[in-house]
Amino acid sequence: MMLHMLSIILYQSLLIFPLILGGFYTIVLMRLPDLALEAAFLTGATISMLVMAFLPKDMGHLPALCFILFSSALAGSSVGFITSILREKLQISHLFASIISIGFFTSLSRFMLGAPHVSLLVYPSYLDLQLLPDSLIKPELASLIVIAILLAVAHRFLLKTQLGLAVEIYGVNRLFFKFHRLKESFIAYTGTTLAHSLAGISGYLVSQSHGFVDTSLGSGIGLQVITALLFGVICSERLGFARTYQALAGVCCYFTLHGLLLISGFDLTYFTGLQAVAVAICCFYRRIYLSAPSEKVKTYGFGV
Amino acid sequence: MFSRTKSFVFSALFFAVIFSIYLMGQQRSEGILEVAIIYPLEHPSLEKIRIAFEEKLSLKTENKLSIHFTYYNGSGNRLLMNQQVEQAFAKKPDLIFSISTISASMILAALQKNHATMPIICGAADIDLLEESGPLPHNLSVVSDVEDYPKQLKLLKKIKPSAQKLLVVYDQGAAKYQRDLKNLFEPAALKENIELLTLPINLPQEIGQKIPLKMDGVDGIMIFKDSTVVSAIESLVKAANFHKVPLYASDLDSVAKGAALGFGIEEEKTGEESGALAARVLLREEELFSQKIFLKPQMLLINTSAASMQGLSIPEDALKESPMGAIYRESLIK
């Protein structure tokens, strides 16, 4: 029972881990109110469905999965790119740029899907690479673990590079770029596009897992992302591990709490209310008890 | 001064275009009856009802009346739906046909302001919910498919006698199903010695997240007809297939999508009954006076492929006509 619950928590966490990682770049590092993650999530799911429809039937699962992941990432990054153009070129605030992107890409997804809801059960599950025997643990879990490891390694590597540091500086002090005569807009474009490509990947993973693509797929995702990131921030500051692992810690905490509530028989009618209360408690806790960063926090570069 | 003239000309042109569009919308051809069809969103079940209504009405009034249909699709947006209902009333059609309880509630609310007198038929609407605010207006009739939960659960016990614990997934925002669950479904389950576990959800994507942790010791998954849950049928089918428990739907369309069992009424029947009533009213054969037409579920549809994937073995006699009055039919997914 315990193993079953842990496997479910891990499975659910890994499905939206790329999305949370994307949120980490834009919301935590760049400090942008990035609601457009919802649009990137949906667009990634939509494009993955279209790609699946055109893939040859005899194509192996592994090449097909790579192709679908790449397409979803590209789809998500297009949302990020458009949002960045609205912000940088048209000087629209990120919040309004996100709202415009959500409206545009939701309609575009609806147009591409041809219906508000499309079933994916007619296609094989490309996440099932037959790496694990059929058992209580879902066969897609192995692929998700591999994808998460690759993303985590790439994420850790990126944060050590100048680009990664620049993305963090963008959220702290944009005047740095002006002072050093560096192109601030390049960082804005890159950070947002990268974050949204991760959201697009998550869109595919979730829609493949659920078996359908729905135009309301991204609804409510903003609150989930913020809650998970807050949990991650508090974990890293309280337990003293590097911010690199905030996204992973946050998403695992979120789904552990989620799972415990479900098992305990909590009335799910009030689940979103409880989520909001959890966000409020985290903010309060952070303000009162974590006003000074812990000495145990490992840092490198500029405090990552 | 030239730029002011230019602004004036452009504003005048703009208003002229808007006014023309408005006038075009008001035009009605002589001798053609206008029937407005109002529905909340595009959905295969609602489409079936709408098409069946149109076909029946056209068939019954062939060579007698010319009918023009105007469609008001809310696209799932309640504000838009409200606006569309007002628009429909403003155009004064000869008959209004609405599909689903949401549209019917909005029409009822609009009637209180508009005092319109054209005949209105509400198809697939929950009569109890509509009558909560008082008796129905005299020009509004309802064609409603009602559930028969005791029969539905008896059939389940016949097919799977060992079923003792059911997981019921429902939309917590749908007042009808919350009420039905408490007042009708729970007592019926108690009679059949079935323990109920409930999973309320708000959005379709929540099912994939929440259902795995609720499946412990469950002998079957049961869903109602709320569109939020039905639209996530794929997640339910995946969960049912993975945990080898039957998925029992309260509509027939879900069976083709992978539910092992479905008990309900063919959606077309609602459309046909509504169309027949509309024809009688338009041909002046009948006065529309707060009629209530109840359609009871009559069919149990079995998907034998899905049933075997969900660990359900269908007894031999279930494939013949049942003495309980339900008609069994097989349906196979290819």
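**Exercise 1.** State how much area is buried between chain B and chain A, and what carbon and sulfur atoms give.

*Solution.* Start with the idea: interface size is often given as the accessible area lost when the parts come together. In this predicted model, about 2500 Å² is buried between chain B and chain A. Carbon and sulfur atoms give 59% of that area. Next, count the residues in the contact: chain A brings 36 residues and chain B brings 23 residues.

**Exercise 2.** Find the salt bridge across the interface of chain B and chain A, then list the elements of chain B that give two or more residues to its side.

*Solution.* The rule finds 1 salt bridge across this interface. Its partners are B:Lys238 and A:Glu140. The N to O distance is 3.6 Å, and the cut-off is within 4 Å, so the pair counts. On the side of chain B that touches chain A, β7 (195-201), α8 (205-210) and α10 (233-243) each give two or more residues. The largest share is from α10(B), with 6 residues.

**Exercise 3.** Identify the residues of the nonpolar surface patch on chain A, and decide whether A:Leu10 is buried, partly exposed or exposed.

*Solution.* The patch is formed by A:Leu10, A:Ile145, A:Ile149 and A:Val153. Together they have about 320 Å² of accessible area. Helix α5 (residues 141-160) of chain A gives the most, with 3 residues. A:Leu10 sits in helix α1 (residues 2-29) of chain A. Now take its accessibility: A:Leu10 has a relative value of 32%. Buried means under 20% and exposed means over 50%, so A:Leu10 counts as partly exposed.

Definitions and conventions
Residues are numbered from 1 along each chain as its sequence is written. Chains are lettered from A and ligands numbered from 1 in the order in which they are written. This is a predicted model: local features need pLDDT of at least 70, side-chain atom pairs count only at pLDDT 80 or more; totals for chains, interfaces and linings use all residues. Side-chain values use heavy atoms; hydrogens and water are left out. Patches are made of residues with over 30% relative accessible area and no salt bridge: like charges are joined within 9 Å, nonpolar side chains (Val, Leu, Ile, Met, Phe, Trp, Tyr) within 5 Å. Accessible areas come from the Shrake-Rupley method with a 1.4 Å probe; for residues, only the protein chains shown count as cover. A salt bridge is a side-chain nitrogen of Lys or Arg within 4 Å of a carboxyl oxygen of Asp or Glu. Helices (H or I, at least four residues) and strands (E, at least two) are DSSP runs, numbered from the N terminus. Buried means under 20% relative accessible area, exposed over 50%, partly exposed in between (1.4 Å probe, protein chains only). Contact means heavy atoms within 4.5 Å. Buried area is the accessible area (1.4 Å probe) that two parts lose on being put together, summed over both.
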